[in-house]
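Visitor: Please show the structure, and let us then go through it by question and answer.

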Amino acid sequence: PASLATTFLNHTYENPFMNASGVHCKDTKELNELDNSKSSTFITKSSTSLKREGNPEPRYFSVPLGSINSMGLPNEGFNYYLKYVIDRQQRMPKGNPAFFSVAGMSVDENLKMLKAVQDSDFNGVTELNLSCPNVPGKPQVAYDFDLLGEILQKVFEFFTKPLGVKLPPYFDFAHFDTAASILNRFPLVYVNCINSIGNGLYIDIEKESVVIKPKNGFGGLGGEYIKPTALANVRAFYTRLNPSIKIIGTGGIRTGGDAFEHLLCGATMLQVGTELYKEGVSVFDRIERELKEIMEKKGYTSIEQFRGKLRTL
Ligand SMILES: O=C1NC(=O)NC(C(=O)O)N1
């Protein structure tokens, strides 16, 4: 029978699936539900130093082909999530390592939070979110290549725990090349491709209106809309980065087939956002079953047998 066992950072998870930061992970209730689901682990909502209200509502809208959001990083604050993951470590010392996401409003705020993670008992994986498209007036760090190099340089002067970065989608080979040449300079354990496709616009034709309030309706796109872009970014970085930097595939994973495609492109862990929002945590049971069925039909017993083996013509 096909096994979904996935080894990431010397830990073997029962499957490659987890939530995407921001979805189903804002408070203890949601995090506990994730932890008790068929998700192999979880990542917390990107935190800022202090609790943050985020943008005015409506700020998330599910649509037939995905989602549009301009949340604006609402979160309970850094200490809330750090307490949650450390309490969990004490409750479940043998639990799968959890992921912790930070998204400071400045380089200094990111450094401050990462220093606190470094000095804490947290023994999981940290994700530096450099790609939130929804804070008015805050351009995405990962679209500013000088700033990207500067922040990573400063982080790795002190941070020695496992660190990954959440990247926005890039759409040009020059950008894949430049981003990869910067990222290859640092001892990252992964890059997470992709965050939402920033600043899309969804219209309700009956009301002749946008559907979310912030930024006159402009928001990050998720779901089926973004799978081809997500796959391209997973593949582009898989083929450019040092093999020591793994790829987490995020974007448009709704079925076992979508998961299979991300794995073919080279992803190791897989994150589900929009579909988790729509279906709830049972989405993991369904997607795992569908991926196993596909693997068995193709005669694969492990993911390693096909990971990264996308054929070209
Ligand atoms: O990084 C993020 N990506 C998104 O699509 N939305 C959230 C947010 O707006 O908080 N953050």
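Visitor: Which residues surround the ligand?
Guide: The model is a predicted one, in which local features need pLDDT of at least 70, side-chain atom pairs count only at pLDDT 80 or more, and totals for chains, interfaces and linings use all residues. Residues are numbered from 1 along each chain as its sequence is written, and side-chain values use heavy atoms, with hydrogens and water left out. A residue is near a molecule if one of its heavy atoms lies within 4 Å of it. The ligand is surrounded by Lys45, Asn69, Met71, Gly72, Leu73, Pro74, Asn129, Cys132, Pro133, Asn134, Asn195 and Ser196.

Visitor: How do the residues of this shell divide into nonpolar, polar and charged?
Guide: Ala, Val, Leu, Ile, Met, Phe, Trp, Tyr, Cys and Pro count as nonpolar, Asp, Glu, Lys and Arg as charged, and the others, Gly among them, as polar. By this scheme the shell around the ligand comes to five nonpolar, six polar and one charged.

Visitor: At what distance from an oxygen atom of the ligand does a polar side-chain atom of serine 196 lie?
Guide: A polar contact is a pair of N or O atoms within 3.5 Å. Methionine 71 places a backbone N or O atom 3.3 Å from an oxygen atom of the ligand, and asparagine 129 places a polar side-chain atom 2.9 Å from a ligand oxygen atom. For the polar side-chain atom of serine 196, the distance to an oxygen atom of the ligand is 2.8 Å.

Visitor: Is leucine 73 buried or exposed?
Guide: Leucine 73, one of the residues around the ligand, lies in the loop between strand S5 (66–69) and helix H2 (78–91); helices (H or I, at least four residues) and strands (E, at least two) are DSSP runs, numbered from the N terminus. Its phi is positive, about 60 degrees, although leucine 73 is not a glycine. Buried means under 20% relative accessible area, exposed over 50%, and partly exposed in between (1.4 Å probe, protein chains only). With a relative accessible area of 4%, leucine 73 is buried.

Visitor: Is glutamate 208 buried or exposed?
Guide: Glutamate 208 is in the loop between strand S11 (203–204) and strand S12 (209–210). This residue also has a positive phi, about 55 degrees, without being a glycine. Its relative accessible area is 71%, so glutamate 208 is exposed.

Visitor: Which residue is joined to glutamate 57 by a cis peptide bond?
Guide: The residue lies in the loop between helix H1 (28–35) and strand S4 (60–63). Omega of the cis bond is about 0 degrees, and the partner of glutamate 57 is proline 58.

Visitor: Which residues does asparagine 233 touch, not counting those up to four places away in sequence?
Guide: Asparagine 233 lies in helix H6 (residues 227–238) and is buried, with a relative accessible area of 0%. The peptide bond from cysteine 193 to isoleucine 194 is cis, with omega near 5 degrees. Contact means heavy atoms within 4.5 Å, and asparagine 233 touches Pro168, Pro169, Tyr170, Phe176, Cys193 and Ile194.

Technical notes:
Polar contact = N/O pair within 3.5 Å; in protein donor to acceptor, adjacent residues only side chain to side chain.
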